[in-house]
Amino acid sequence: MAKTNKNQKLLLYAVGIGAGYLLIVRPLLVKFGIVKSAAQIQQDISQAQNIQDYVQSAIERQRPTKTKGEWQIISDQLYYDLKFAAPSDDKADAGYQVSRVQNDADFALLYDTFGKRQEYYFGIPAGGLQDMVQMVTSNLDRSALNKINDNYQRKGIKFRF
């Protein structure tokens with residue numbers, strides 16, 4: 001392909017657009033949380049591996065009282081109870097769903113099956129993805145969390161909200 005004036009202009013525009021994206025647009029997207037930085041991506045990978053290690057060690061130490069499929073159904077119900085940060089959330093049922101945990105292996109499976117999910121304010125996505133602990137602590141008041149913690153303590157579960 002011969003270098004013509006038209007090709008040089010197109011190449012110059014392409015380089016300018018690429019540089020503009022890398023130097024201006026991408027940093028703004030990272031700053032506003034729309035795009036993850038390389039460090040955030042690496043941290044997410046590390047956290048996912050740590051969670052899998054935690055789940056595996058908890059299951060090796062104790063036997064879960066329910067199957068992973070049953071915990072998936074419970075985590076879906078918990079999400080349905082809390083996904084809208086509004087007065088219409090069923091916070092009492094969310095407390096019940098979290099209290100169905102009987103041992104550390106159950107908690108590990110519930111946490112794992114919940115994963116990271118989006119919370120909504122009146123149908124509009126709010127913030128980034130949240131794990132189960134973030135969603136429960138941001139939606140339940142301190143007295144409800146204390147009830148769950150007391151329940152966990154009676155059952156010998158190490159985790160506390």
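**Core, salt bridges and surface of the predicted model**

L78 touches A94, Q97, V98, F114, M132 and V136, leaving out residues up to four places away in sequence; contact here means heavy atoms within 4.5 Å. The structure is a predicted model, in which local features need pLDDT of at least 70, side-chain atom pairs count only at pLDDT 80 or more, and totals for chains, interfaces and linings use all residues. Residues are numbered from 1 along each chain as its sequence is written, and side-chain values use heavy atoms, with hydrogens and water left out.

L78 also belongs to the largest nonpolar core, which has 26 residues; L78, F107, M132, V136, Y152 and F161 touch the most other members. Such a core is a set of buried Ala, Val, Leu, Ile, Met, Phe, Trp, Tyr and Cys residues joined through side-chain atoms within 4.5 Å. At least two core residues come from each of α2, α3 (68–82), α4 (91–99), α5 (104–114), α6 (132–139) and α7 (142–155), and the largest share, 6 residues, is supplied by α5. Helices (H or I, at least four residues) and strands (E, at least two) are DSSP runs, numbered from the N terminus.

Turning to charged pairs, the model contains 2 salt bridges, each defined as a side-chain nitrogen of Lys or Arg within 4 Å of a carboxyl oxygen of Asp or Glu. In one of them, K68 pairs with D112, and the closest N and O atoms are 3.1 Å apart. Because K68 lies in helix α3 and D112 in helix α5, this pair ties together parts 44 residues apart in sequence. K68 is partly exposed at 46% relative accessibility, whereas D112 is buried at 15%; buried means under 20% relative accessible area, exposed over 50%, and partly exposed in between (1.4 Å probe, protein chains only).

R117 and D76 also form a salt bridge through their side chains (2.9 Å, N to O). Here R117 is in strand β1 and D76 in helix α3, so the pair ties together parts 41 residues apart in sequence. R117 is buried at 14% relative accessible area, while D76 is partly exposed at 35%.

Strand β1 (residues 117–121) also holds Q118, which is buried with a relative accessible area of 16%. The Q118 side chain reaches the backbone oxygen of A126 at 3.0 Å. Beyond its neighbours within four places in sequence, Q118 is in contact with Y79, K83, P125, A126, G127, G128, L129 and M135.

In helix α2 (residues 38–61) lies I51, partly exposed at 23% relative accessible area. I51 touches Y111 and D112, not counting residues up to four places away in sequence.

Note on methods
A polar contact is a pair of N or O atoms within 3.5 Å; within protein, one must be able to donate a hydrogen and the other to accept it, and residues adjacent in sequence count only if both atoms are side-chain atoms.
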